[in-house]
Amino acid sequence: MSLKLSLNSPSKIDASVELPASKSISNRALIISALAGEKVNLINPSPCDDTEVIRTALEQMPPVIDIHGAGTAMRFLTAYLSVTPGEHTLTGTDRMKHRPIGPLVEALRYLGADITYLGEEGYPPLRIRGKALEGGQLEIAGDVSSQYISALLLIAPTLKNGLDLHLCGEIVSRPYIDLTLHVMHEFGSKAEWSDVSTIHVPHEAYHGLNYRIEADWSASSYWYEVLALMSDSESTVLLPGLHDASRQGDSVVRYIFSLLGVKTAFTRTADGTPAVRLTRHLSTLPRLEYDFINSPDVAQTLTCTCLAIGLPFHFTGLGSLRIKETDRIHALETEARKLGFVVSSDSDNALEWDGTRCEPTMEPICTYDDHRMAMSFAPMCIKFPGLSILHPEVVDKSYPTFWDDFRKAGFSIEEE
């Protein structure tokens, strides 16, 4: 793919978009499948790079496992390899070697895991010698990455004494923890919250089954953004595969975007597949305030949406964005200025735009090796014709068909 794309939008959207399967569910199901004592058949797994990295590692189990830039893979495989016989080195990109893993390693070591840092203390790469672990009681901060917590939960049924995991302090991204528990339940685990901050996971084998993975609500957020930015009141997008009762935390986008002029209707396709139909309606919201503590992955989408429609905002709960594929808060501030928006953050990692503008340069949008930067800024071409995106291939991390779907929906995409 070209290193730069120039984007222009149609005047009206009437599209049906086949979203990728949920990356979050796929990654959890792959780890469970590898731990299960019986055959598991995963139907419709995500085609994204993050999921492929985990699948390849589990199938081949080479001595050195390079997960590239896949943060979920680093966390989940660290836990998985700790309870799986054999010795492996787990490594990734230079950026990955600067993303913290210490809280998870410390927790696993407390349970008896044999993990050694091969570089800077607290960061990958890791050497892991897998073995059976006893389990028992464990405390971990609730405001660390929920992926640390999910990684521990996924292996918990294999621990000889199970696991009582107590989350200390504020618990962030709780919906992602609940999603992990939900997928574990599907495979026979009786893991449950024993109180508001403690999860009890008994020792028991996962069951084998045929398991179909639903479409990705995170990916839907960019189509919500498209509808929010369209001027044509008759524009519509159909998204098959999204479920009303989904446990995916990012399904919250349907509530947030209802405030911004996008209506969600649950329906079915001709073959009976659950689907969502998006339509435009009037919004008079003067300012949006929202705490993203439970859904940080859609913060970039909402930031770009609000800027493009000229809606002032104040967003909190964004601390985890500092340690994602890039420092997403800094990236948003920097790239928004290219389009004429002065976005600011504070020491608490709140992000705000009060309407202040600057002279737009319309320089190409940098993506910082971050899939969500590319996909969040892309719909802004509706308001900024000719918008350019650098390194558009980063979308492969979670939504490989994103640009194809954009073209099918009527967007003009020129490679430069």
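1. Ile256 touches Leu288, Tyr290, Phe292 and Leu302, leaving aside residues up to four places away in sequence; contact means heavy atoms within 4.5 Å. The residue belongs to helix H8, residues 253-258; helices (H or I, at least four residues) and strands (E, at least two) are DSSP runs numbered from the N terminus. Because its relative accessible area is 2%, Ile256 is buried (buried is under 20%, exposed over 50%, partly exposed in between, with a 1.4 Å probe and protein chains only). Between the C-alpha atoms of Ile256 and Ser26, which lie 230 residues apart along the chain, the separation is 25 Å.

2. On the basis of the values: this is a predicted model, in which local features need pLDDT of at least 70 and side-chain atom pairs count only at pLDDT 80 or more, while totals for chains, interfaces and linings use all residues. Residues are numbered from 1 along each chain as its sequence is written, and side-chain values use heavy atoms, with hydrogens and water left out.

3. Gln300 sits in helix H9, residues 299-309. Its relative accessibility is 0%, so Gln300 counts as buried. The side chains of Gln300 and Arg328 make a polar contact at 3.3 Å (a pair of N or O atoms within 3.5 Å; within protein, one must be able to donate a hydrogen and the other to accept it, and residues adjacent in sequence count only if both atoms are side-chain atoms). Not counting residues up to four places away in sequence, Gln300 touches Arg328, Leu332, Asp370, Arg372, Met373 and Ser376.

4. H9 also packs with helix H7, residues 217-229, at an angle of about 5° and with the axes 10 Å apart; axes are lines fitted to C-alpha atoms, for helices over the stretch in contact, and angles run from 0 to 180 degrees between N-to-C directions. H7 is therefore roughly parallel to H9 (angles under 35 degrees count as such). Ser221, Tyr222, Glu225, Ala228 and Leu229 of H7 meet Thr301, Cys304, Thr305, Ala308 and Ile309 of H9.

5. An open sheet of 4 strands has the order S4-S5-S7-S6 and mixed pairing; two strands pair if DSSP finds at least two bridges between them. Strand S4 (64-66) and strand S6 (114-117) are the edges, each pairing on one side only. From one strand to the next the twist averages 20°. Strand S5 (residues 86-91) pairs with strand S7 (residues 126-130) in the antiparallel sense over 5 bridges, and Thr89 stands opposite Arg127 in S7.

6. Helix H4 (residues 102-110) packs on this sheet, touching S6 and S7, and its direction makes about 145° with that of S6. Gly102, Leu104, Val105, Ala107 and Leu108 are the buried residues of H4. Their cover includes helix H3 (71-82), S6, S7, strand S8 (136-141) and helix H5 (146-155). After H4 comes Gly112, with a positive phi near 110°.

7. How many disulfides does the structure hold? There are 0, a disulfide being a pair of cysteine sulfur atoms within 2.5 Å. Cys358 is in no disulfide, and the nearest cysteine sulfur, that of Cys304, is 14 Å away. Cys358 counts as partly exposed because its relative accessibility is 23%. Cys168, at 29% relative accessibility, likewise counts as partly exposed.

Methods. Angles under 35 degrees count as roughly parallel, over 145 as roughly antiparallel, 65 to 115 as roughly perpendicular and the rest as oblique.
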